[in-house]
Amino acid sequence: MKIKTKQVILASIALIAMVAMAVPVMAEPNQGDQREMPGPDDMFWAIFSQMSTPDDTANCLVALDNYITQHPTDFSEPDGDTSQARSEMTQMCSQVAQMRTEMEGGMAADGAITNLFDTENTNWHAINNLYFQKNENGVPMGRIGFSNTIDFMTYRFFSFMNNFGNLVQFNDGYISLNAAMVPDMINYGATLTMYGLDFSEQPDIYVSNGANMRKAVEGADISGITWDATAKTLSFTPGHFSSFKAVEKGSKLKAMKISSVKKKTIKYKAGKTFKLTVKGKNLYKKGSDVSCTLGFQQAAKVRSARNGKKVTCTYGMDSFIQGSTYPLTISIIGNGEVTRTNAVRIK
């Protein structure tokens, strides 16, 4: 039997592991841990797209049987027998069927809730009003909801979910969405909600424009603002994915700036680590965590100068692809962020 069958089975198991680990959304970002998943042209998605939910084993088996029938030379033994391939493919369907339970359990353990698993959602190709909410000790911290109908059974959305832990952060009146990596997700009609805001009146909202945080412009940066003074919640629709910060009305935030990145070009060396030295302004705030994100990857180690003029970020080389260029984002968790596009090239 050709190796392709085994690769598909391994890919399906990898996808299950990826979802179970990555879906706890709006948690602290993963430390450089991006789950590998089948590529967009992998046959896995041709099978997956014909299932109504991950545990739709009946349609999984039918789709697999049709695929093997249409591509017999990819799965047959020298004598043309495809029975072993069909047996192993059946195992794949059984593995994929576990995805729903793994996802639900992983999210519950992390304090994340969603309506994805509601009983009325029997067709994951058309999920209406999908939302993910992060709770901490039972207290809501933040939510992202989508007004458009979502086809959850696609490579595009699973890729988004695979990297959610590194792309979205909710911290005490602060929401960060890595605009450099997920600009098209705004097309899903996202609405953001902040909970537990300690303000006596509707706060101002600041937004990152890539260089610093400035006051958001209603109608361009945000719209549909709703402030509940009793519940202390603030909801709005972002005009673009970026970072947003709720601040006391009339107050201002210090502008962050990246003036230079040392080692703009780095030679790929498998198994090694590399450091980026970033110089700028207001890159540190006492009592707040500073993070570095290069592409999808969170730095394994970050050192910040207390004067806010320098940050050193350490990464594992194996998390990156040779010949690719990545944006760099420096975030002060809960305060703001600054991004430089095309910051580093791995050659």
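Tutor: Strand E11, which covers residues 243-247, is mostly covered in this predicted model, with 5 of its 5 residues buried. If you follow the side chains along E11, you will find that Ser243, Lys245 and Val247 point one way, while Phe244 and Ala246 point the other way, and that all of them are buried. Buried here is a matter of a cut-off, since the word is used for a relative accessible area under 20%.

The next step is to look at the strands that pair with E11. Strand E5, made up of residues 174-177, is joined to E11 by 3 bridges, and the two run antiparallel. Within this pairing, tyrosine 174 stands opposite lysine 245 in E11, and lysine 245 belongs to the group that points one way together with Ser243 and Val247. Strand E7, made up of residues 204-208, is joined to E11 by 4 bridges, and this pair also runs antiparallel. Here valine 207 stands opposite phenylalanine 244 in E11, and phenylalanine 244 points the other way, as Ala246 does.

Now to the cysteines. A search of the whole structure finds 2 disulfides. One of them joins cysteine 60 to cysteine 93, with an S to S distance of 2.1 Å. This pair links distant parts of the chain, for cysteine 60 sits in helix H3 (residues 57-70) and cysteine 93 in helix H4 (residues 83-96), 33 residues apart. The link of cysteine 60 and cysteine 93 is left-handed, with -85° about the S-S bond, and both cysteine 60 and cysteine 93 are buried.

Another disulfide is formed by cysteine 292 and cysteine 313, whose sulfur atoms lie 2.1 Å apart. Cysteine 292 lies in strand E15 (residues 290-294) and cysteine 313 in strand E18 (residues 310-316), and therefore the pair ties together parts that are 21 residues apart in sequence. With -55° about the S-S bond, the link between cysteine 292 and cysteine 313 is left-handed. Cysteine 292 has a relative accessible area of 0%, so it counts as buried, and cysteine 313, with a relative accessible area of 0%, is buried as well.

If you count the bonded cysteines along the chain, the disulfides of the protein follow the pattern 1-2, 3-4.

Technical notes:
Residues are numbered from 1 along each chain as its sequence is written. This is a predicted model: local features need pLDDT of at least 70, side-chain atom pairs count only at pLDDT 80 or more; totals for chains, interfaces and linings use all residues. Side-chain values use heavy atoms; hydrogens and water are left out. A disulfide is a pair of cysteine sulfur atoms within 2.5 Å. Buried means under 20% relative accessible area, exposed over 50%, partly exposed in between (1.4 Å probe, protein chains only). Two strands pair if DSSP finds at least two bridges between them.
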